[in-house]
Amino acid sequence: MYKKQMTAQKVICLLSIAVSVIVFLYSLGLMTDLYDSLYPTMMNPLDLTETDVPGSIIYYDMQDFNRALLKVSIGLILLSCLLFVTNTHSRRRYYIGNYTAIGLNVVANVAAAIWAHGQVSAFKAQFLQVDFEALELFADLWETPYLTSTFWFDAHYAVFALTLCVTVLLILNAIWKKSLMSQEESLIQAGRKAVSA
């Protein structure tokens with residue numbers, strides 16, 4: 001049983017890093033469509049009220065969030081690496097360091113998912129207030145991309161669902177490990193009693 005559990009814990013730790021990297025890549029791609037379609041409409045970056053497309057200020061409004069999301073994703077990658085630093089991926093018995101690394105990952109993943117969902121949902125609603133008729137006219141006149149897709153906003157559901165799935169797997173793995181350690185301890189105690197008798 002330990003062999004299966006140790007294989008599972010290694011896979012889960014690798015998945016944790018992989019999903020953190022996906023969050024990082026998502027943070028890099030989030031502003032892509034906004035930059036392509038809305039940035040050119042801002043005629044004077046020094047005065048954001050000067051735009052040919054009402055609502056295009058969302059491109060600037062999202063900058064701080066996007067920078068914060070990038071930092072959060074790097075933090076998630078580092079916390080995932082902590083699982084390897086504490087040998088959570090290969091240790092037969094878990095100690096306080098392993099449970100601490102798992103706990104930090106669980107808290108960070110859940111907090112990041114809740115925070116990002118709230119922010120992205122609010123910005124999606126703001127994006128849908130853009131004057132798309134004016135944007136289409138601007139795109140035709142200046143031959144810039146006319147993009148109305150909410151793909152990057154909607155993609156956060158998949159990205160953070162993966163994060164939460166890995167979080168659940170980390171918790172289940174820790175419970176499984178604790179159970180196996182308890183069973184092993186019971187067998188050792190039973191063996192000692194048999195020997196002493």
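This is a predicted model: local features need pLDDT of at least 70, side-chain atom pairs count only at pLDDT 80 or more; totals for chains, interfaces and linings use all residues.
Glutamate 184 and arginine 93 form a salt bridge, with N and O 2.7 Å apart; the term covers a side-chain nitrogen of Lys or Arg within 4 Å of a carboxyl oxygen of Asp or Glu. Glutamate 184 sits in helix α7 and arginine 93 in the loop between α4 and α5, so the pair links parts 91 residues apart in sequence. Helices here are DSSP runs (H or I, at least four residues), numbered from the N terminus.

Residues are numbered from 1 along each chain as its sequence is written, and side-chain values use heavy atoms, without hydrogens and water.

The count of salt bridges comes to 4. The table gives relative accessible areas for partners in three pairs, where buried means under 20%, exposed over 50% and partly exposed in between (1.4 Å probe, protein chains only).

| Residue | Relative accessible area | Class |
|---|---|---|
| Glutamate 184 | 18% | buried |
| Arginine 93 | 26% | partly exposed |
| Aspartate 154 | 29% | partly exposed |
| Lysine 124 | 26% | partly exposed |
| Arginine 67 | 45% | partly exposed |
| Aspartate 64 | 55% | exposed |

Aspartate 154 and lysine 124 meet at 2.7 Å, N to O. Aspartate 154 belongs to helix α7 and lysine 124 to helix α5, so this pair connects parts 30 residues apart in sequence. Arginine 67 bridges to aspartate 64, also with closest N and O atoms 2.7 Å apart. These two residues are 3 apart in helix α4, about one helical turn.

The largest nonpolar core has 29 residues, and Met62 and Phe160 have the most contacts inside it. Such a core is a set of buried Ala, Val, Leu, Ile, Met, Phe, Trp, Tyr and Cys residues joined through side-chain atoms within 4.5 Å. Helix α5 gives the most to this core, with 7 residues. Beyond its neighbours within four places in sequence, phenylalanine 160 is in contact (heavy atoms within 4.5 Å) with Val23, Tyr26, Leu69, Ala112, Ala113 and Ala116. A second, separate core of 14 residues includes Tyr2, Tyr94, Ala174 and Leu180.
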